[in-house]
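Welcome to this structure. Here are a few notes to read alongside it, taken one point at a time.

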Number of protein chains: 2
Amino acid sequence: MGDLLERQGLDFTLPDLARESGVATATVYRHFDDMHELRAEFYNQIVDDLLDAFRETSRGFRGIELFRRIGEAWLSTSRRWVKAATFIRSAEGFLQRVNAGDPLSAGLHEVLAPVIQDLIDDGVIPPQDLRYAVLIWTTLFDERIIVDLRTTLEWSEETVAGQLGETVLAALRAPKLPNTESTP
Amino acid sequence: MGDLLERQGLDFTLPDLARESGVATATVYRHFDDMHELRAEFYNQIVDDLLDAFRETSRGFRGIELFRRIGEAWLSTSRRWVKAATFIRSAEGFLQRVNAGDPLSAGLHEVLAPVIQDLIDDGVIPPQDLRYAVLIWTTLFDERIIVDLRTTLEWSEETVAGQLGETVLAALRAPKLPNTESTP
């Protein structure tokens, strides 16, 4: 499925997928009610993939070292599906999905927020709203940005992880304007 | 069309659009070969809208003042269609589209890059690749982020423009890693 998305974006049908997978069309329809469900399934898989990698890389690390390891894991884990993922992006905002209890966005927030808290505790970045900080982090490690830097600027995986990481850290040092307080 | 996108995302058909607009279905089909073309047309309109506003706001201003005015114009101009725009985002990267000669992405780059150059010349941010800087700017003023901050965190338009602007400026102060040089 990742292969098809990568080649054709959303311009394929369930029969296309059946042909590609070498199974009967009816089999595919039994698994996916429609394309919507299929994309949702692909999305679930890739976020699980990411969360597992982040949790794995978190063992025994914290603070700035963990922040950098997560950036590297983000690049290496997404390698297989990052191009395909550019086609299935949700129209809803990340925080909107966290608040709505979407388990995948909430999972990402749950893994990344404590790393931001470490950075604040260690004085690497100033005190700030964890939700805004996680939003900025996930926005800059967006799959479309990763593909753009890898292919258009031809940066290596290591360079993309490193430079995006530095950019996120710098962004989180922005002065906080008044009126950015809001109830959690 | 913006209204339909806002309510139903991409889950509407050309007949729906005809009903909504109070015209015959055949009329709509004469104007749009298919939904793909319709979305492309909507995209063209909103980027023209943005570019006109940025060019208008640029007269007589430069540097950090122009940077801030553009942020404010971004928020006020996109007010009418920002929610709808979250549904029609291209899967292609911004720099990929600039390089491919997409007139709209190229137009955005053409307007924003000189502002970055001003900031470098004035010592507000260090010397850097203008393409990377414009990519970070457009990424953080993404329509999905704007909607998220306006509705989920309930920030005012002014606060979103101000805080995103501070975040972009801070991000552009990131140290530049080796190996981020690439041929233009």
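Predicted model: local features only at pLDDT ≥ 70, side-chain atom pairs only at ≥ 80, totals over all residues.

**Notes for a first look**

1. In chain B, α9(B) passes α11(B) in a right-handed crossing. Helix α9 of chain B covers residues 130-140 and helix α11 of chain B covers residues 157-171. Their axes come within 10 Å and cross at roughly 155 degrees. Angles over 145 degrees count as roughly antiparallel, so α9(B) and α11(B) are roughly antiparallel to each other.

2. Which residues in α9(B) meet α11(B)? On the α9(B) side they are I136(B), W137(B) and L140(B). Their partners in α11(B) are L164(B), T167(B), V168(B) and A171(B). By class, this contact has six nonpolar residues, one polar residue and no charged ones.

3. Next, please look at where the two chains meet. Here 45 residues of chain B are in contact with 44 residues of chain A. About 4000 Å² is buried between chain B and chain A, and carbon and sulfur atoms give 60% of that area.

4. One salt bridge to find on screen joins the side chains of R80(B) and D49(B), at 2.7 Å from N to O. This pair links distant parts of the chain, 31 residues apart. R80(B) sits in the loop between α5 (63-78) and α6 (82-85) of chain B, and D49(B) belongs to helix α4 (residues 35-58) of chain B.

Terms used:
Residues numbered from 1 in each chain as written. Chains lettered and ligands numbered in written order. Heavy atoms only, no water. Axes fitted to C-alpha atoms, helices over the stretch in contact; angles between N-to-C directions. Helix = DSSP H or I, 4+ residues; strand = E, 2+ residues; numbered from the N terminus. Parallel < 35°, antiparallel > 145°, perpendicular 65-115°, else oblique. Left-handed = near helix turned anticlockwise from the far one by under 90°. Contact = heavy atoms within 4.5 Å. Nonpolar A, V, L, I, M, F, W, Y, C, P; charged D, E, K, R; others polar. Buried area = accessible area lost by both parts, 1.4 Å probe. Salt bridge = Lys/Arg side-chain N within 4 Å of Asp/Glu carboxyl O.
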